[in-house]
Amino acid sequence: MAKQRDSGFPARDAIVAFVRAHPGTVGTREIAREFGLKNADRAELKRILRELADEGVIEKRGKKIAEPAALPATLMADISGRDADGELIATPTEWDEVESGEPPKIRIHVPRRPPPGTAAGVGDRALLRIEKLDDAEGAVYRARIIKVVDHAKSRVLGIFRALPDGGGRLIPVDKKQVGRELNIARADTGGAEDGDLVSIEIVRSRGFGLASGKVKERLGSLASEKAVSLIAIHSHEIPQAFSPSALRDAEAAKPATLAGREDWRELPLVTIDPPDAKDHDDAVHAELDPDPGNKGGYIVHVAIADVAFYVRPGSALDRDALTRGNSVYFPDRVVPMLPERISNDLCSLVPGEPRGALAVRMVIGADGRKRSHSFHRILMRSAAKLNYAQAQAAIDGRPDDTTGPLLDPILKPLYDAYATVKKARDERDPLDLDIPERKILLKPDGTVDRVVVPERLDAHKLIEEFMILANVAAAEMLEKKALPLIYRVHDEPTLEKVHNLQEFLKTLDLPFAKSGALRPSLFNYVLAQVKGHDAELLVNEVVLRSQSQAEYAAENYGHFGLNLRRYAHFTSPIRRYADLVVHRALIRGLGLGEGALPETETVETLSEVAAQISVTERRAMKAERETADRLIAHFLADRIGATFQGRISGVTRSGLFVKLSDTGADGLIPIRTLGTEYFNYDETRHALVGTRSGAMHRLGDVVDVRLVEAAPVAGALRFELLSEGTVAPRGRSRRPGAGDTMRAKAKTHPGRSPRKGKGKDKGKSGKSKKGKPFKG
């Protein structure tokens, strides 16, 4: 029953309290109902809500309103210690301090009698239910443990280096521990050989000299496997081996038949993938719509491997897949979510072989908008396996023996349909960042051959846009059936990040006039202003950093980057667990047979799954990035003293990060090596500014550097700056606050550390999703 007002309009505090009590579940309508507001009061309510949002007290997530918060309601976290009262403190798992700043502290409430599976200690990893605290003393969030996922492991990872007289040294693989070697006595080597990746238990730590450790486990040899990715796999605890029961299930699986399926084997679907792809889980086809009522429109078919037919809920394969969450891709190997028998054989849509698939048939109007869609469980037969460059070459007039016969009947209709769909895409105006994506190519021995920036072709965009259409259709269908699902969500930037971006753009005399609702088009307008100019890459990087991170959630708050109200991942169930859940939900909702989502799966249970696979996705991203860093550091290790051109890719209170132009390698220039004066960290400009000379080193500046140190095992590089800074304009820089002024120590005292600032900073580029975070 609505609350009656004594007189006048409800106080702002009362509105905020109601929003806090129902985070993310109420909108304007629910607030009006709560306080008994009539239609005549709606305009005043909207004005107050707009003021509260501008002040940062609340924020809108689609049509819902919540307190500004960096953390979702369900979260995976690592228990890192205890506070002064002895309560457990946790931080989000796989939190990236370089991208997101200092992690928020979470205070864990432990009941007197913890439910089974929730007893936790320091070092454990747990799934938490998060609640924001009203008092921000020490911790900003409070949480209850849903379940403990993993218990603490007291180990240090590193590379064993044998000494001539027996025993050895451990070279840590963590960048934060570069230079902190461990001594390993001859009796404690555990049979480790030079070059082995080992797990060490610290047996004693001395006040002087090296700490000592004991080899507990040999994890592999980098000398024999030449696999730098092995370090990231073990340091992030990415599962490699499938359980015996999962492997037995995979080997026992039989190919799908026509039973319970529609026969689409005569429809010439084709796969278009990278040239080195080993599994092919999506196929496409397009044709003109013969319906006279849709003149100029197309019918687009997207068929996706029917993984749900083989990986049943609760099975050993399912448990292993959920633990992995996704496949992880390294330059030298892939750690798959599913065994090869499933991913590379039964579910790979290879040409000429009958394969089970879940397909969507979409009717596209001449304006590029989707008019209707329907889902089908089918048996298909791929007509051809193409790579992106091959398909593009055929369209550009250079067909080969494979694409020649396919050009007119298959490829041209696909490209024509894409040109039609692109009209609606351009009208929708999703966020259009242009940040180069580098790819490391290896020699046969596993070392770096070269680093390239693959050209982005229309063939890539065609597949991407058709996959987005299919993903939207899946979300719409499941919402229509009122079934729980896992959404792919991407929140709009926070007010703080938008404000910081506005202040930065002012330093470039670029307007960013936010009025009304925040839309990707506002950012695209800014990006268009700098297209082709020196500041283009810089502005793209800063706009990227202003964005939130995409994640999985059982509650929908839309996808800001794609400018879509509802979006779910449907198109890659071989490599993403979220897609498998969506397939199962479609099978259940449409009555398509075996492998359906169990009735026991609810929004609450899927929230836990979404939190878990969001963590595994971030884990994969960090592992992939760290492996690239290590490979490049190995590549450059014999070039100490060489000079390179690069671009400042991060500015922090401790120094400058520089990304080299030819390899994309990231390295640090410590602030103590910049000169003999103090340097202010100017957060607005993303720059370090000398207090005496006014010399400014700014994000995006092109600089010359000398490589002075490489730590290949940790993937760390240290540079010396050779370029002079530009002179900062007077009167434009804000007055630095406490902790912002950093001393650049003289080069004659390289061992002295700079004074630490009070806060963290975004630092490196933060190119999530391989530079394209809004691909979906």
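Trainee: K422 and D426, where do both lie, and how many residues apart?
Mentor: Both are in helix α11, four residues apart, about one turn of the helix. Keep in mind that this is a predicted model.

Trainee: What does D426 form with K422?
Mentor: A salt bridge. The closest N and O atoms of D426 and K422 are 2.9 Å apart.

Trainee: Which residues are linked with them in a network of salt bridges?
Mentor: The network links K422, R425, D426, R428 and E465. Within it, R428 forms a salt bridge with E465. Their closest N and O atoms are 3.8 Å apart.

Trainee: Which helices do R428 and E465 lie in?
Mentor: R428 lies in α11 and E465 in α12, so the pair ties together parts 37 residues apart in sequence.

Trainee: And E465, buried or exposed?
Mentor: Buried, with a relative accessible area of 6%. The cut-off for buried is under 20%.

Trainee: Back to α11. What forms a salt bridge with K412?
Mentor: D408 does, with the closest N and O atoms 3.0 Å apart. K412 and D408 are both in α11, four residues apart. That spacing is about one turn of the helix. K412 counts as partly exposed at 38% relative accessibility. D408 counts as exposed at 53%.

Trainee: How many salt bridges does a search of the whole structure find?
Mentor: It finds 35.

Trainee: New topic, packing. At what angle do α10 and α11 pack?
Mentor: About 100°, with their axes 10 Å apart. Helix α10 covers residues 388-395, and helix α11 covers 407-428. The two are therefore roughly perpendicular to each other.

Trainee: Which residues meet there, α10 against α11?
Mentor: From α10, A391, Q392, A394 and I395. From α11, L407, L411, K412 and Y415. The contact divides into six nonpolar residues, one polar and one charged. K412 also forms that salt bridge with D408.

Trainee: What about α12 and α16, what angle and how far apart are the axes?
Mentor: The angle is about 45°, and the axes are 10 Å apart. Helix α12 spans residues 458-480 and helix α16 spans 577-590. These helices are therefore oblique to each other.

Trainee: Left-handed or right-handed crossing?
Mentor: The crossing of α12 and α16 is left-handed. A474, M477 and L478 make the contact from α12. V582, A585, L586 and L590 make it from α16.

Trainee: How do the residues of that α12 and α16 contact divide?
Mentor: Seven are nonpolar, with no polar and no charged residues.

Trainee: What does A620 touch, not counting residues up to four places away in sequence?
Mentor: N326 and V328. Also look at I233: the C-alpha atoms of A620 and I233 are separated by 9.1 Å. Along the chain, A620 and I233 are 387 residues apart.

Trainee: Last one, E536. Which helix is it in?
Mentor: Helix α15, residues 536-545. E536 counts as buried at 18% relative accessibility.

Trainee: What is E536 in contact with, leaving aside neighbours within four places in sequence?
Mentor: D434, V530 and K531.

Methods: Residues numbered from 1 in each chain as written. Predicted model: local features only at pLDDT ≥ 70, side-chain atom pairs only at ≥ 80, totals over all residues. Heavy atoms only, no water. Buried < 20%, exposed > 50% of the residue type's maximum accessible area, 1.4 Å probe, protein only. Contact = heavy atoms within 4.5 Å. Axes fitted to C-alpha atoms, helices over the stretch in contact; angles between N-to-C directions. Parallel < 35°, antiparallel > 145°, perpendicular 65-115°, else oblique. Left-handed = near helix turned anticlockwise from the far one by under 90°. Nonpolar A, V, L, I, M, F, W, Y, C, P; charged D, E, K, R; others polar. Salt bridge = Lys/Arg side-chain N within 4 Å of Asp/Glu carboxyl O.
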